[in-house]
Amino acid sequence: MSLRIEHITKKFDAATVLSDIDLEIRDGEFISILGPSGCGKTTLLRIIAGFLTPTSGEIKFNDRLYASNNYSVPVEKRNLGMVFQSFALWPHMTVKEHLAFPLQSQKVQQSKDVENRIIDKILAVTGLEKLANSLPGELSGGQQQRVALARAMINKPKLLLMDEPLSALDADLKLSMRQEIQNIHKITGATILYVTHDQSEALAMSNRIVVMKDGTVEQFGTPEEIYGKPQTLFVAAFVGRHNMISGKWDGKQFICKNGTAFPAVPPAECFIEKGICPLRPEELEVNRDNIGICVEIVSKQYNGREFLYTAVDADKKTYHFYAIVTMLFSAGQKIHLTKKSV
Ligand SMILES: Nc1ncnc2c1ncn2[C@@H]1O[C@H](COP(=O)(O)OP(=O)(O)OP(=O)(O)O)[C@@H](O)[C@H]1O
Ligand SMILES: [Mg+2]
C-alpha cells in the first residue's frame, strides 16, 4: 500500500515546472512538501489529485495507475480528500449540508440514518457539533477551516491532499489546527500530503519531509534528517537557517578562514567539497576571549528568552546567532563567534 510518484515531469509550454520527481510514500505516512514559492508544490498536488496530467512519468496508488501522460483516473474516482488554502465553502449551505454533499455524490447511496451517523461522527472529531446548522458567514476562520477538513474526510479517503491549509489563520489558531490535523491523521490512518512553506509546521507534523527547489526534490527524509543532516546547501539554508561558515575540512575538524578550528561532525560531501561548515544559529556562541570569527552586529530581535542577532563579517557575509538577554550587544559592536561545544 503506497503512493508512488514515478519520474514525474510537468511542462507548461517551454517552462519545466516539475523535473523527474520520484518519491515512494508509505501507507499512513504524514508527508510534508516544503519549499519556496513557485517551486512546484501545488502543481505536484494537482497532478496527484487529477486536475493536471503529467508531461511524463506515472502516479500509482496501491499499485493502481492513476495517471500518466495518456491515462488519467477521474478526480472523483481517486478516493482522495482535498483541502486547499482558501476554504472554498458555499455561502448558502450549512455545515451539515457541506458534509452531506460528498456523501450524496457517491455512487452507492446510504440511508438517511447512516448518513446522519457518519456526519455526527465527523462533527465530533472536528469539534463542530454545535455549529451543524450554521452558515459559513457565521463561522470564524478556524471553524471554516475545520468544516473544510471535515468535508475532505467525510468519505474516509485513503489519501488526503492539503495545500497550505493553515496559511490564512492567525498564530494561535494555527497551533490548535495543527493538533487537530495530527489527531485526524491518528484517527483515520490516511496517507497525508501536506504542502507548506512553513518549516516549523513541516518539522512538527511530519513523518517525512520532501524539500523542493525549482521543480526538483532536494532532500526527502525524516524531520531529524532534514534539520540535523541537510544534504544540500539549499536545504541547510532553507530549513534551520544554517550559517555557512567558510574554510576547509581537515578530518573531524573544520578550520575557519582565520585559522580557528571547530571540532565538528563532517556534514554531507557537498559541504566538504565547497569548504563549508553549516551551523544553525543555536550552534554558535559569543566567545569572550575574542577567539573565532570576528563579526559586527547589525540587528537584534527579542524573543522573550533571548535575542536573535544578525551580524556580518569582513566579507559582508551574514551570520545569525542567539545570546541570552543578559548578554546585550548593540548595532556596530564587534564580537567573536565560535561553535558551541556540546
Ligand atoms: N497553469 C499554468 N500555466 C503556466 N505556468 C504555471 C501554471 N501553473 C503553475 N505554473 C507555474 O509553475 C510554477 C510552480 O507553480 P506552483 O503553483 O506549483 O508553485 P508553488 O510551489 O505551489 O508556489 P506557492 O508556494 O507560491 O503556492 C510557477 O512558476 C508557476 O508560475
Ligand atoms: Mg502553491
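**Strands, sheet and ligand surroundings in a predicted model**

H320 is found in strand β19, which spans residues 318–324, where helices (H or I, at least four residues) and strands (E, at least two) are DSSP runs numbered from the N terminus. The structure is a predicted model, in which local features need pLDDT of at least 70 and side-chain atom pairs count only at pLDDT 80 or more, whereas totals for chains, interfaces and linings use all residues. Residues are numbered from 1 along each chain as its sequence is written, chains are lettered from A and ligands numbered from 1 in the order in which they are written, and side-chain values use heavy atoms, with hydrogens and water left out.

With a relative accessible area of 18%, H320 is buried, the term buried denoting under 20% relative accessible area, exposed over 50% and partly exposed in between (1.4 Å probe, protein chains only). The side chains of H320 and T310 are joined by a polar contact of 3.3 Å; a polar contact is a pair of N or O atoms within 3.5 Å, and within protein one must be able to donate a hydrogen and the other to accept it, while residues adjacent in sequence count only if both atoms are side-chain atoms. When neighbours within four places in sequence are left aside, H320 is in contact (heavy atoms within 4.5 Å) with R241, N243, P281, L284, L308, Y309 and T310.

The UniProt record, an unreviewed entry, places the feature "domain: ABC transporter" at residues 3–239, although such annotations may be inferred rather than shown by experiment. Over residues 3–239 the chain is 35% helix and 28% strand, with the end C-alpha atoms 25 Å apart. Six strands form an open sheet of mixed pairing in the order β7-β8-β9-β3-β10-β11, two strands being taken as paired if DSSP finds at least two bridges between them. Strand β3 (residues 30–34) runs parallel to strand β9 (residues 191–196), to which five bridges join it, and F30 stands opposite I192 in β9. Helix α4 (residues 141–153) lies across β7 and β8 (159–163), running at about 165° to β7; axes are lines fitted to C-alpha atoms, for helices over the stretch in contact, and angles run from 0 to 180 degrees between N-to-C directions.

Helix α1 (residues 41–49) is mostly covered, seven of its nine residues being buried, among them K41 and T43. Just after α1, G50 takes a positive phi of about 105°. The residues surrounding ligand 1 include P36, S37, G38, K41, T42, T43, E164 and H197, a residue being counted as near if one of its heavy atoms lies within 4 Å. Oxygen atoms of ligand 1 are found 2.7 Å from a polar backbone atom of G38, 2.8 Å from an N or O atom in the side chain of T42 and 2.5 Å from a polar side-chain atom of T43.

Strand β12 (residues 243–250) pairs with strand β13 (residues 253–256) in the antiparallel sense over four bridges, and W249 stands opposite F254 in β13. In this hairpin, which has two residues between the strands, G251 takes a positive phi near 65°. Strand β13 is also joined by three bridges to the antiparallel strand β14 (residues 261–263), with Q253 opposite P263.
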